[in-house]
Amino acid sequence: MDAEDRSERVCLVGAGYAGNGLARALKQAGIAYDQLEATDRVGGNWSHGVYDSTHLISSKASTQYVEHPMPEDYPTFPSGAQMLAYLESYVDRFGLREHLELGVEVTRVRPVDGNGTAGWYVELADGRVRRYKAVALANGHYWDRNIPDYPGEFTGRQLHSKDYKRPADLGPGDRVLVVGAGNSASDLAVEASTTFGSADISMRRGYWFLPKTMFGIPSSELDRVWAPLALQRLVMHPLLRMSWGDYRWYGLQKPDHRLFSKDVTVSSTLLYALRHGRVKVRPEIERLDGEVVFFRDGSSEKYDCLVWATGFHTRFPMLDDDVLSWEDGQPLLVQHALVPRYANLYVWGTVAPRSGAGRIISHGSDFLAEAILAQDELDQPLSDVVARWLPARSSMLASSADLVGRIRLARVLLRTLHATRSLRGRRMTLPTPTASGRAVVTGASSGIGAALAESLAARGHGLVLVARRADRLEELATRLRSDHGVPVDVRPADLADPDERARLVRALRESPIDVLCLNAGFATYGALTELDPDREREQVAVNVVAVHDLVLDLLPGMVARRRGAVLVTGSTAGNQPSPHNATYAASKAFANTLAESLHTELRGTGVTCTLLAPGPVRTEFADVSALGALADRLPSFAWVSAEEAAEAAVTGLERGRRRVVPGTTAKLQDIGGQHAPRSILGPVLARVYGRGR
């Protein structure tokens, strides 16, 4: 692909309320960026998505950026035109036009590697492609119109609230039905009633309506101080009762949900119009027939114009479907901004605060600038690090005070991690699962291999299982698919055979390899001169040559993607001379040394290598190796289960460990094998292994 290299810059998509706040933060943080806006002017929804009579529902104090107060002569609730002028002044004050490109539409954003650690490709509508370090999407969520699908067809005039600008847009007829119960629906129903003398509004259920002011104080100002949600409800219920009385007095349904559990509508004019009979409440639509609308209560009415004030879908059409995880129509995000499983990708501006978003954008933009700098020092997605303390959530609704508090907490977390050097120079740990990535496990038909597959599947990794016994692999694959819902591929192969190893490598290259567990191996016991030479050569082929071949063939791709974790199953036997176990000990000495060498060699590449060096493990290993009486003589406490060994190994991968030795006995054996004098250790082990035969 011929891509323009801008890999030292951040691509910021959108020049609206949230996007400009982030542009200011990036510039002040010294982060190079390009800001791309599909339309011909700044302001986002305020420049092309609001009607002429729009006024803010939140006060100017809660809507303004912290770093750029609104003019003193602005009213408490500025108009849409004043808000747009304010946004223009913000861009000019901070010199944001310098890096702003208008009329540039982004059509696709995709990672250079598996998870964006190496950057992102940005494709433009004119066919150009750029490569950026990171991408921040601030393209807004008030553009993809949500229009319900009711049975029948309405033949009168129809429009979505997004397309309404002024009363003339309602057409010549004077019978108007507004569908919805949000802020736009309330405004348009009142505006239609003012224009034509009356209007109807259709609502599916009961909603919470807040006045714009309480005791002369803007309602949005009440959200500036944090308080537990239960306390907020306790205080707000009597205030609403004093302000409105019973909603049913207005023809409204009683709310069917707890206050602040869903979005609230802020309007003082709708309830005024309802009490004066200028607006009439209708239930949800049942069906449409020409110009007649039938409602669920059995009533019907003829209308000239139907206005859909039914909100918007949240969409990011430039992203592939598998990038974002969705819940109830909203993306799962960490701190409403960080995308789980991906590095250098940020979504900004989807939050729907109960009051003005000014403080959220100001503090949140500064947090994102810090996050972008922190990600530069990580080889794993920052979102997954932060999610350990602040989990991903899908809800767009937020209390301004609560979210600002969470942003401050996240900034403290970033700085604490940086100060303790948890970020600086941190090695890549176990990669987070992706739809296309795979974890390869050799020797997966039983024992530690099968347990490794189980542990990785439980963490959401798709698998490729490798072993000779196809029936065992298929049985395991079927269970893992059922228990964990992950994709599992089966690749039967004899790793001692060079041709089968080559075929396996070709198959493995079909998908990105995120985790490579080189676990296959076996042992033989007895005097070397008495053992089958072909079996000894086969042991070296599996324990040494296959491990080396797979590393040579697959590791370069992992390094190129700057993403991956390698696990090599060695043994405590590889630390010591082992008479009567010579080939196995020598082969595991190779595995041990290779793994620990790669651990240091790979530092800074985005890939880690961990050695699993077990001692005695309860598996079929002893039967295959003909260990004999020695296995029977070991006390029960000396053994660990395959599941214990595998879980310790995967935990070690998560932590970027150099060496994992599961079990107390194995740890003692590991220390003794490395530090005991060979002149003593050799004869002792000769007697142990000799008697075990």
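A salt bridge is here a side-chain nitrogen of Lys or Arg within 4 Å of a carboxyl oxygen of Asp or Glu. The structure discussed below is a predicted model, and a search of the whole of it finds 40 salt bridges.

**Salt bridges**

One of these pairs is R24 with E67, whose closest N and O atoms are 3.2 Å apart. Because R24 belongs to helix α1 (residues 17–28) while E67 sits in the loop between α3 (60–63) and α4 (80–93), the pair ties together parts that are 43 residues apart in sequence. R24 and E67 are both buried.

| Pair | N to O distance |
|---|---|
| R24 and E67 | 3.2 Å |

**Helix α6**

Helix α6 runs over residues 229–244, and at 1.5 Å a residue its 16 residues should span 22 Å, which agrees with the 21 Å that separates its end C-alpha atoms. Buried within α6 are Q232, R233, M236, L239, L240 and W244, and the elements that cover the buried residues of this helix include β12 (209–210), β13 (213–214) and α7 (269–275). L234, which also has its place in α6, counts as exposed because its relative accessibility is 62%. Together with L231 and V235, L234 forms a nonpolar patch on the surface, and the three residues have about 280 Å² of accessible area together. The helix is followed by G245, whose phi is positive, near 80 degrees.

**Helix α12**

For helix α12 (residues 470–484), the 15 residues should span 21 Å at 1.5 Å a residue, and the end C-alpha atoms are 21 Å apart, which agrees. The buried residues of α12 include L473, L476, A477 and L480. They cover an arc of only 105 degrees around the axis, which puts them on the same side of α12. On the other side of α12, by contrast, D471, E475 and S482 are exposed. What covers the buried residues of α12 includes α11 (447–458), β28 (463–467) and β29 (488–492). Just after the helix, G485 takes a positive phi of about 65 degrees.

**L368 in helix α8**

L368 is found in helix α8, which comprises residues 358–375, and with a relative accessible area of 0% L368 is buried. When residues up to four places away in sequence are not counted, L368 touches L22, A337, L338, Y346 and W348. In the case of L22, the two residues are 346 residues apart along the chain, yet the C-alpha atoms of L368 and L22 are separated by 7.6 Å.

**The protein as a whole**

The protein contains 20 helices and 35 strands, and of its 693 residues 56% count as buried. Its C-alpha atoms fill a box of roughly 105 × 55 × 50 Å, taken along the principal axes. Among contacts between residues at least 6 apart in sequence, 71% join residues at least 24 apart. The accessible surface comes to about 29,200 Å², and 52% of that surface belongs to carbon and sulfur atoms.

Notes:
Residues are numbered from 1 along each chain as its sequence is written. This is a predicted model: local features need pLDDT of at least 70, side-chain atom pairs count only at pLDDT 80 or more; totals for chains, interfaces and linings use all residues. Side-chain values use heavy atoms; hydrogens and water are left out. Helices (H or I, at least four residues) and strands (E, at least two) are DSSP runs, numbered from the N terminus. The expected span of a helix is 1.5 Å times one less than its number of residues. Buried means under 20% relative accessible area, exposed over 50%, partly exposed in between (1.4 Å probe, protein chains only). Contact means heavy atoms within 4.5 Å. Patches are made of residues with over 30% relative accessible area and no salt bridge: like charges are joined within 9 Å, nonpolar side chains (Val, Leu, Ile, Met, Phe, Trp, Tyr) within 5 Å. Accessible areas come from the Shrake-Rupley method with a 1.4 Å probe; for residues, only the protein chains shown count as cover. The arc is that of the directions from the helix axis to the C-beta atoms.
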